[in-house]
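Let's take a walk through a protein model together.

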Amino acid sequence: MTNEDPRAALMLDWLSNDLSLAIDRFEPASSDASFRRYFRIYSQGTTYIVMDAPPDKENLEAFIKVAKLLSVPGIHVPTIFQSNLTHGFLLLEDFGKVCYLDCLKPSNAERLYQYALDSLFQQQTLIAINNLEIPHYDRSLLIRELGIFEEWFTSRFLNTPIPEPLGTDVNEFLITSALEQPLTFVHRDYHSRNLMDLGDDKPGIIDFQDAVIGPITYDLVSLLKDCYISWPKAQIDLWRNGYFQRLLQQGTIDCSQAQFKRWFDLMGLQRHLKAIGIFARLHLRDGKSAYLNDIPRTINYVIETSIHYPELSEFAGFLNRQILPAFRRKT
């Protein structure tokens with residue numbers, strides 16, 4: 001493997017010669033939608049994870065910075081044992097092989113989601129955002145993200161561009177809702193693939209390097225309207241309303257439950273449009289076509305939300321009449 005993989009050879013050289021780690025064996029642990037890869041290292045009865053993040057494509061400093069921010073009570077992120085910023089490697093605590101997506105089922109969902117919601121609550125109430133040196137989820141970032149949907153999904157993948165001014169109107173509607181929300185720490189990918197089941201009441205949190213200061217509903221909707229697993233609307237409502245009451249009692253927010261739901265719904269729509277565009281891009285640009293299987297679930301969230309808001313009725317019609325048939329023909 002190392003003969004065909006120069007970065008794996010470089011990683012093993014760093015571990016063996018620079019860190020004097022006796023390596024019994026190593027294996028791929030996972031990869032994700034970025035250029036990062038992860039390896040599991042077995043060494044004298046202990047396992048570690050090595051993150052391989054090519055420095056010309058990934059930002060290890062951001063991962064290290066956010067890991068320090070998340071090192072507060074009630075939040076469990078992997079310990080960073082060693083770093084090699086020159087070559088783009090981190091030696092990390094191993095959280096095991098079981099993420100939430102692997103083990104979630106109706107019989108344990110209430111318990112596991114409560115753990116995830118507890119950890120999210122800690123992130124949103126214990127991490128002070130004043131003078132926090134991470135990016136803001138500002139208008140320009142929201143515009144760029146929404147552009148991924150039209151560029152990669154409707155235009156490149158389906159050859160069905162969104163007519164104007166419909167696209168601009170939808171984007172402005174979603175951006176306005178996002179920017180009027182209270183600000184908090186945002187993990188930005190807080191969902192079942194990035195939460196590890198550690199066998200206790202604190203999920204292991206990974207893939208947090210893209211964290212920002214942004215809308216308070218972003219991580220909540222990422223978790224409850226997950227692109228990789230779905231739950232009945234009534235259950236989502238219960239989880240969302242319970243979390244709203246916790247934020248209200250804490251004094252973190254000052255709004256009605258109806259307003260919070262509207263923020264939640266529209267933030268989810270923004271995220272899901274972005275995700276659909278990313279799934280199409282992974283297929284077209286990177287050859288990672290398995291992500292196409294997650295589009296039907298995600299676009300269903302988009303349509304369910306759009307039909308409930310009069311401002312989005314024309315967009316819902318466009319999706320139903322043109323985008324869904326085009327997607328079915330394509331797949």
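How much space lies in the second largest pocket? About 280 Å³, going by this model, which is a predicted one. To find the spot, look for Lys 225, Lys 233, Ile 236, Glu 304 and Thr 305: of the 17 residues lining this pocket, these are the closest to its centre.

Next, see where the lining comes from. Helix 8 (233-250), helix 9 (257-284) and helix 10 (295-306) each give at least two residues to the lining of the second largest pocket. Helix 10 has the largest share, with five residues. Sort the lining of this pocket by class and you get eight charged residues, five nonpolar ones and four polar ones.

Start with helix 8 and helix 9: their axes cross at roughly 120° and come within 11 Å. The crossing of helix 8 with helix 9 is right-handed. On the helix 8 side, the residues that meet helix 9 are Ile 236, Arg 240, Asn 241, Phe 244, Gln 245 and Leu 247. Helix 9 answers with Gln 257, Phe 260, Lys 261 and Phe 264. By class, this contact between helix 8 and helix 9 has five nonpolar, three polar and two charged residues.

Move along to helix 10, which packs with helix 11 (residues 313-330). Here the angle is about 155°, and the axes are 9 Å apart. Angles over 145 degrees count as roughly antiparallel, so that is the word for helix 10 and helix 11. Their crossing is left-handed. Which classes turn up where helix 10 touches helix 11? There are 11 nonpolar residues, three polar ones and no charged ones.

Helix 11 has another partner to look at, helix 5 (139-157). The axes of helix 5 and helix 11 are 10 Å apart, at an angle of about 55°. That angle makes helix 5 oblique to helix 11. Phe 149, Phe 153, Thr 154 and Phe 157 of helix 5 touch Phe 315, Leu 319, Ile 323, Phe 327 and Lys 330 of helix 11. The contact of helix 5 with helix 11 has seven nonpolar residues, one polar and one charged.

Finish with two spots in the backbone. Most residues other than glycine have a negative phi, and most peptide bonds are trans. Now look at the loop between helix 5 and helix 6 (166-179), where Pro 165 lies. A cis peptide bond joins Glu 164 to Pro 165, with omega at about 10°. Then find Arg 188, in the loop between strand 6 (183-186) and strand 7 (195-196). Arg 188 is not a glycine, yet its phi is positive, at about 90°.

Note on methods. Residues are numbered from 1 along each chain as its sequence is written. This is a predicted model: local features need pLDDT of at least 70, side-chain atom pairs count only at pLDDT 80 or more; totals for chains, interfaces and linings use all residues. Side-chain values use heavy atoms; hydrogens and water are left out. On a 1 Å grid over the protein atoms alone, a cavity is a set of points where a 1.4 Å probe fits but cannot get out, and a pocket is an open set with protein on both sides within 12 Å along at least five of seven lines; lining residues have an atom within 4 Å of a point. Grid points are joined across faces, edges and corners, and a volume is the space filled by probe spheres set on the points. Helices (H or I, at least four residues) and strands (E, at least two) are DSSP runs, numbered from the N terminus. Ala, Val, Leu, Ile, Met, Phe, Trp, Tyr, Cys and Pro count as nonpolar, Asp, Glu, Lys and Arg as charged, and the others, Gly among them, as polar. Axes are lines fitted to C-alpha atoms, for helices over the stretch in contact, and angles run from 0 to 180 degrees between N-to-C directions. Angles under 35 degrees count as roughly parallel, over 145 as roughly antiparallel, 65 to 115 as roughly perpendicular and the rest as oblique. A crossing is left-handed if the near helix is turned anticlockwise from the far one by less than a right angle, and right-handed if clockwise. Contact means heavy atoms within 4.5 Å.
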